[in-house]
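Here are my notes on the model.

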Amino acid sequence: MSAIAPKFRLGYFLKSILDNTFWGIILLTLVGIPLVMMLLFYLELPVINGKLLSPYLAFTTLADPSRQIPLIKSLMQTDFFRIAAFPGFGFAALVAAGTIFVERKMLAKLQLRVGPFYCGKIEGILQLMSDGIKLLSKEIIIPAKADKPIFWAAPVLFVATAAAFVSLIPAAGNGWVVANVDVGIIAVFAVIGFFPVITVLSSWSANSKFPFIGGIRALHQMVSFEIPLILSVLGVVILTGTLNLTEIVESQHTYWWIVFLPIGAIVFFIAMLAELERIPFDLPEAESEIVAGWLTEFSGMMYGLVQLGSYLKLYAFAALFVVLFLGGWNGPNVWPPFPAEIIEKGIEMGPITARFPGLPLLDQQMLNDVLWFVIKVVGVIFFILLPRGVFPRIRIDLLLHIGWYKLIGLSFVNIFIALGLLYAGVLGPGGIL
Amino acid sequence: MTAQLPPGLEIEKLDERIMTLNVGPQHPGSGHMRLIVKVDGDYIVSCDPDPGYVHRGEEKMAEYRNYITNIPHLERPVIHDSCNVLYPYCLGVEEILGLEVPERAKYLRVIASELNRCVYTQYWLAIYGIFLGHSTMFMWPAGDREFLIDALEKMTGARVTHAYFVPGGIRNDVPANFEDMVLRRVDYFEKRIKEYAAIFYDNPILISRTRDAGVLSREDAIRLGTTGSTLRASGVDFDLRTKEPYDVYEELDVKVNTLKAGDSYARSKIPWLDMLESCNIIRQAVQKMPKSGSVRVKLKPNPKGGNTEVYKRVESGRGSLGCYIVSDSKPEPYRVKMSVGSFRNLICMPYLLKGEKLGNMPAVYWSLNYWPVEADR
Amino acid sequence: MGTATGIIKALNSGIKHLAVKRFTLRYPEQKLKFVGDGYQFDPTTGVGIAGYKGRHMLFHDKCTGCNLCSIACEGVAEAIAMVKVQEDWKHNKKSIMPQIDYGKCVFCGLCVDACPFYALYMTNDYELSSFTKEGLIYTPAQLQVKPDVQQDAEFVFSDRGTTHG
């Protein structure tokens, strides 16, 4: 045995298992069950078949599959499902986690090397999980003279704003969005306007030189690229006549807006890269000049939260690009319909015929929408990740020059094209197309 | 403070506008050397390089070792370019001891020297990519030099610090089917480095960062005494392999690359063009090499020279590298002085960085082909 | 317009490289193959034989304890010391043999060049780590053991990139 690691003794191992079980049970009964009770007190319990569904009834009905289905179906229509699972936080976090892994592997393949390889039997699939556990187990160090309330709150605020952004983006037709706001786009830009504030707060409260420089650079960058971002979307709004994101997608059922407004799409894409602080615009995080920019002083799970927030923002921006320019969830109907015999007659297994009333859970149209949406978002994310391997970092005066001169000019050209198309009667309400 | 200061110290008054930055030896944006940069907003007012962080006293230590034991010692200033660092030393000692190097050894020396030049230049390009924030430009050169390091390792037995050149020839002959192996690797290497054009040298973002940054005019380059790729990027056609040929460079066809612009972009492009040229030189040398022959002159146990001094210089990856040896009839040299290209180009740094933007500093500073370890010796 | 074509060319080059094979050597499952048996030196011709400069190997039936390797190393790294061994050889009256401290050795091979009796060679073994500094000092008995190396990975050149195989 090595001189550093202690020897293995079976007695100590069994003792540790018993210890963990003991503490697990204690925590579950003393903390977990009261929490669940309090949660259920505030949740609206659905009414099924004339009876209020209490938790005990829910657990008993789960035993019978034919009564499970209506329960699950009704749960899927609640607001909580939309916030937590789809299309809200759970879905976005899954896409974000997938993006991080795919980014590392794709960058590695581009650079002719393997990325994460050994964690998890096939090509390092479990790398992200081990990174998450590692971050959870690290000590959180706060600088001595830092402004503690703001410093603790900053990553949480960051994730909260990113989640608020995610909640405004529709993922499928028929109201599959967490917050169906009539002024969708303006709400989106209002939420995006928070990010520079949070960045500056977190870098100022860290009370150190490198976060300070990183925060100022991030502020310059984000503020100067917000204007082209908004202006480039104006073309789409003019042609659609509405600010609601779901209606914008529905108006693209014949043509996608990128066909008529390519300049706007390019301006939006470049401004999006700058808002996300991705290469070539990653000055706030420039590793070779200022150690890690405004993220320098975050350690442990705070760093994990900031990364989660960043990648949630990436998913949300990519989804916004898809919704505005690439036709959202519109696509040919390729999802196979649910077999009709199972709905009417049930599944036959030998002498028993099992009936499942209430099937299908999600209708075919919605699944088709989700499929096309995910395909398009994955495509856009690929093009966001690609410049990281190909371009160096841009200098700050060139960045500001691009943001204030070139992109605003191009987006005005885009608005003129949109106005021209509208007044020529080609597009828009009452147009040819 | 009105007390008397010890001699050599002075009080510096802090200006309100000008901030002093220590881009220090331990910083992700500098090599192992300190730059004391005075910045006014975004513009550099003055820059004071402070070399010496890795000074070891190598020249003094060389006086305690005899001519053969100096070989592993003197190759350490640049570990991956070790053959080029030893080259002038070996040429000098051969003149002191009056040795005649066999033909095959001369050709093999040229091959090893060119391979080392490519290996060093790839590493330099990799670090340049890091300074500009281009991670692919780090990975590709660092991976592609493995082919040449493999060829060198089959030749000399070690990946870096080869200790391959000895006064009198080289230490060991090459293994069987060496020409085949080297040519395959050099062919693949050349194919790889031609890909750098699309992703690095024609990349508009890189061009915007390095064009017109740190412009060194032709007259200034000659006046300041620069050497190597910095000199050739300012339009001066000077390469020791053609101007003062040593070993078998007279028989090889060396094309010297120059560019007129004299900015960081030109200085970053010249070593890449030189690498393409090195591949041609290796092919010519492999073809012209005598197929058999001795590779080393047998030396007596403790070789001694007369009371002479000799100065020889060689074109290394960074510029002209010269070695001045004084011998006084003892097995150990009396004085070994190495004049390295990096240290001579150091004068350009404060001259070029004055008035530059702070964002350009890594681009300009590293483009001077500066290797801190060699400059400090 | 030049900027746009440059950007598109760079992105194009990036996408093309997604199809190239990865180059990484999967050490320790794959280990690189070396050209011979290790660096050796022939004192009669005065020229070395190409090989990798790894751990040394001492032939006890040839070493005479002449001390030349230790003297050669004195100017370089002072890694060789002569120690007494419990063996009786006719050609080694003083019964001393070299002991090499790999904490100091720089693997230059000048000791191999110095040995006139074909007794000291270098092998292909480079995995010499140890948990203690004393473990790095290899006694003459340890230096006698021929290393057991399984190195067989080489470059495999192909149109779609080079890998190790």
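1. In chain A, the residues A:Leu314, A:Ala318, A:Ala319, A:Phe321 and A:Val322 of α14(A) meet A:Phe373, A:Lys376, A:Val377, A:Val380, A:Ile381 and A:Ile384 of α16(A). By class, this contact has 10 nonpolar, no polar and 1 charged residues. Contact requires C-beta atoms, placed from the backbone, within 7 Å. Ala, Val, Leu, Ile, Met, Phe, Trp, Tyr, Cys and Pro count as nonpolar, Asp, Glu, Lys and Arg as charged, and the others, Gly among them, as polar.

2. The model is predicted: local features need pLDDT of at least 70, side-chain atom pairs count only at pLDDT 80 or more, and totals for chains, interfaces and linings use all residues. Residues are numbered from 1 along each chain as its sequence is written, while chains are lettered from A and ligands numbered from 1 in the order in which they are written.

3. α14(A) spans residues 301–325 and α16(A) residues 364–385; their axes come within 9 Å and cross at roughly 115° (lines fitted to C-alpha atoms over the stretch in contact, with angles from 0 to 180 degrees between N-to-C directions). The crossing is right-handed.

4. Strand β6 (residues 172–173) of chain B runs parallel to β2(C), joined by 2 bridges. B:Asn172 stands opposite C:Gly48.

Terms used:
Pairing = 2+ DSSP bridges. Helix = DSSP H or I, 4+ residues; strand = E, 2+ residues; numbered from the N terminus. Left-handed = near helix turned anticlockwise from the far one by under 90°. Contact = placed C-beta atoms within 7 Å.
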